[in-house]
Amino acid sequence: MDKKEAQLRMEELSKLLKYHNEKYFDEDSPEITDAEYDSLSREMRELEALYQDLAKEDSPTKKVGGSAKRTAGVLVKHRNPMLSIQDVFTKEEVFKFVEDMKEKLGEQTDFVVETKIDGLSLALRYEKGELVTAVTRGDGRDQGEDVTENAKVIDDVRHSLLDKPEYLEVRGEVFMENAAFDEVNQRQELLGKKPFANPRNCAAGTLRQLDSAVTKERKLSMFVFNLQEARGVSFETHEEVYKFLEKNGVKVIENYYVCRTAEEVWESVEKIGSMRGDLPYDIDGAVVKLNNLEDRKRCPDTSKNGGYLIAYKYPPEEKETVIRDIELSVGRTGRITPTAIFDTVRLCGTNVSRATLHNQDYIDDLDLGIGDTAVVYKSGEIIPKIKKVIKEKRPEGIERFRIPKVCPVCGAPAVKDEDTADMKCTSSACPAQIEGNIINFVGRDAMDIKGFGEVYVAELIRQGFISDISDIYRLKDHRDELIELGIIGKEKNTDKLLKAIEESKKNTPDRLMTGLGIPNVGKTASRSILRYFGSFRAAADASVDELIEVNDVGGITAEAVRAYFDNESNIRIMERLAAEGVNMEMPESERGEEQIFAGKTFVITGTLPTMDRKAAAEIIEDRGGKVTGSVSKKTDYLLAGEAAGSKLVKAEQLGTAVISEAEFMQMAGIEQNGE
């Protein structure tokens with residue numbers, strides 16, 4: 001790689017690392033595994049070492065953590081940095097660290113090896129033995145969030161110490177045990193809410209809750225792993241600190257070992273690794289640190305990491321399991337998706353028993369059959385995937401699974417899609433496709449018919465009340481029969497749903513177009529098309545060339561729209577919808593291309609005074625603007641409400657224009673008491 005290629009690769013890596021940093025630290029929603037992130041980071045550091053003149057001050061390798069947020073409380077200045085730990089991945093790197101320390105500090109140097117909990121850092125400050133402040137890591141050097149009230153409801157956090165030193169600051173890791181995490185997710189499911197992806201994400205969101213009652217209910221845990229500062233009491237070693245804290249009722253890391261040699265250090269690393277599947281909480285590594293506190297002062301920190309310690313990162317967690325079945329499901333486009341069903345294993349804090357197999361090519365690459373033993377892992381520590389089949393454990397007579405050439409739902413022929421590796425059902429009357437189309441049609445982004453759940457959709461199709469979307473508006477004609485059968489419930493529930501269906505007729509027709517499920521036509525494109533043409537009929541009659549003239553519509557989308565309305569059965573459905581009184585005309589006030597935000601990119605954050613973020617996003621998109629989820633140099637405006645959090649900090653750092661709801665409404669030409 002020459003210097004120019006290195007520069008291009010470093011720019012690419014910088015963008016990737018910053019993006020995944022924000023996903024992990026600021027949004028608690030990682031998209032790649034720690035191992036994948038570590039690989040990118042390692043490559044960046046190697047290039048920076050080779051081409052030092054290309055290394056930049058704002059490189060993500062020099063950044064400690066995420067930005068401090070304001071969702072849980074006020075921002076607090078750090079008294080002591082809360083730095084990251086330098087990750088290593090090989091036995092050789094561990095040995096080198098130990099040998100380098102001994103060469104620098106002397107052969108008598110000893111080390112502590114302890115578990116690295118997969119949680120989030122918290123500093124506890126005690127004055128005269130009383131807890132006064134709890135601060136998150138935030139940006140690691142300057143400031144974090146005050147989460148004292150939430151910390152106080154964590155059972156492992158001591159409010160008072162038996163000893164009363166003048167000042168004591170310790171750092172620990174807040175996490176969630178697997179049993180507590182399972183309990184939270186079960187409650188989420190009962191409430192109809194989205195379950196958390198993993199214990200770390202759940203713990204991070206819980207610690208930043210505005211309501212400490214929620215934090216208490218979710219049963220967070222905490223281990224203390226470091227002394228940050230002490231006045232009025234002194235210690236020589238890390239081990240002494242732990243004994244003092246334990247005497248005072250403070251919960252410290254459970255598994256730690258004092259070691260003298262590199263061999264002892266490595267044996268402890270392996271011992272901790274062997275516990276990984278048996279601990280009641282997740283760990284992702286073992287920390288190796290100097291035991292002597294004075295020795296630590298002789299090992300200067302880098303801009304990002306503490307100089308006296310490293311973290312050996314274990315490979316991504318993988319488990320063997322047996323494939324018991326392969327289920328086939330059919331989506332609204334007719335796509336047949338195979339899903340592997342296997343003996344339940346626990347990965348990254350959750351029980352896993354299913355993983356998508358995507359298509360026949362994917363199955364062929366794995367050479368997978370029912371009865372095989374396979375290795376399962378989590379991509380991004382979230383999505384279960386099958387890594388490989390263990391051929392040595394294949395029972396006699398097992399053959400590679402093949403997706404049948406008939407639809408598993410309706411029995412119609414299934415063929416391979418010309419443009420992809422997908423198998424698709426060829427019948428437009430397939431109940432599974434109809435169900436998917438109806439669910440999409442009544443959904444929040446489309447016609448938004450409140451209370452029209454998936455269970456109702458499936459049962460109404462099964463009993464013959466619905467065969468296409470137009471039948472939804474004829475359900476009123478079957479009111480008495482529906483009440484008698486109790487499909488939706490008794491009279492009150494049935495009438496409530498029928499009323500919601502009737503109300504949806506008043507929706508603007510862009511919602512109707514979104515609900516049709518035309519390929520590549522989402523809510524933004526639908527709104528642009530209907531604003532441009534003014535009516536559903538005009539849009540349905542438009543040529544490909546005319547459609548391409550619309551903002552947000554390209555050639556592929558235009559072809560898809562034209563193909564949809566060239567289908568006679570689709571036209572008949574539209575005619576039935578119109579006959580039932582479904583609105584087909586855009587209001588005059590919303591016609592035309594009022595593109596005052598054209599070319600502008602917005603980010604919305606915090607709680608706005610009078611509207612939700614979705615409504616604000618629709619106003620922006622209606623006027624030609626774009627809404628993204630993260631602040632960057634390309635962001636023109638940050639629309640910020642109360643508790644704006646890390647996005648506000650980042651916008652201020654980048655010099656991005658920050659506007660209030662009132663300023664936004666004025667820019668959009670909307671009066672505060674109406675449009």
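Which residues are buried in helix H3? I shall begin with that question, and then turn to the rest of the chain. Please bear in mind throughout that this is a predicted model.

The buried residues of H3 are Val94, Phe95, Phe97, Val98, Met101, Lys102 and Leu105. Around the helix axis they cover an arc of only 160°, which puts them on the same side of H3. On the face turned away from the buried side we find the exposed residues Glu92, Lys96 and Glu103.

What do the buried residues of H3 pack against? Their partners are strand E2 (84-88), strand E3 (111-117), helix H9 (262-275), strand E10 (283-290), helix H10 (293-297) and strand E11 (305-313). As for its length, H3 comprises residues 91-105, and at 1.5 Å a residue these 15 residues should span 21 Å; the end C-alpha atoms are 21 Å apart, which agrees. After the helix comes Gly106, with a positive phi near 115°.

Let me now step back to the whole chain. It has 675 residues, of which 52% are buried. Its secondary structure amounts to 24 helices and 22 strands, and the C-alpha trace spans about 90 × 70 × 60 Å along its principal axes. Of the contacts with a separation of 6 or more, 68% are between residues 24 or more positions apart.

I come next to one of the sheets. It is an open sheet of 4 strands in the order E5-E4-E7-E8, and the pairing is antiparallel. At its edges stand strand E5 (130-136) and strand E8 (221-231); each has a single partner strand, so one side of each is left without a neighbour in the sheet. On average, neighbouring strands here are turned by 25° against each other, direction ignored. Strand E4, residues 120-127, is joined to E5 by 6 bridges, and Tyr126 stands opposite Leu131 in E5.

Which helix packs on this sheet and touches E4, E5 and strand E7 (167-175)? That is helix H6, residues 199-207, whose direction makes about 40° with that of E4. Helix H8, residues 238-247, lies across E7 and E8 and runs at about 115° to E8.

Leaving aside residues up to four places away in sequence, Val269 touches Val113, Ala286, Val288, Tyr312 and Tyr314.

Finally, I would draw your attention to two loop residues. Asp448 is not a glycine, yet it has a positive phi of about 55°. It is found in the loop between helix H12 (431-442) and helix H13 (454-462). Is Asp448 buried or partly exposed? At 26% relative accessibility, Asp448 counts as partly exposed, since buried means under 20%.

Asn520 likewise is a residue other than glycine with a positive phi, near 70°. Asn520 lies in the loop between helix H16 (509-515) and helix H17 (523-533). With a relative accessibility of 52%, Asn520 counts as exposed, because the cut-off for that class is over 50%.

Thank you for your attention.

How values were computed: Residues numbered from 1 in each chain as written. Predicted model: local features only at pLDDT ≥ 70, side-chain atom pairs only at ≥ 80, totals over all residues. Heavy atoms only, no water. Pairing = 2+ DSSP bridges. Axes fitted to C-alpha atoms, helices over the stretch in contact; angles between N-to-C directions. Contact = heavy atoms within 4.5 Å. Expected span 1.5 Å × (residues − 1). Buried < 20%, exposed > 50% of the residue type's maximum accessible area, 1.4 Å probe, protein only. Arc of directions from axis to C-beta.
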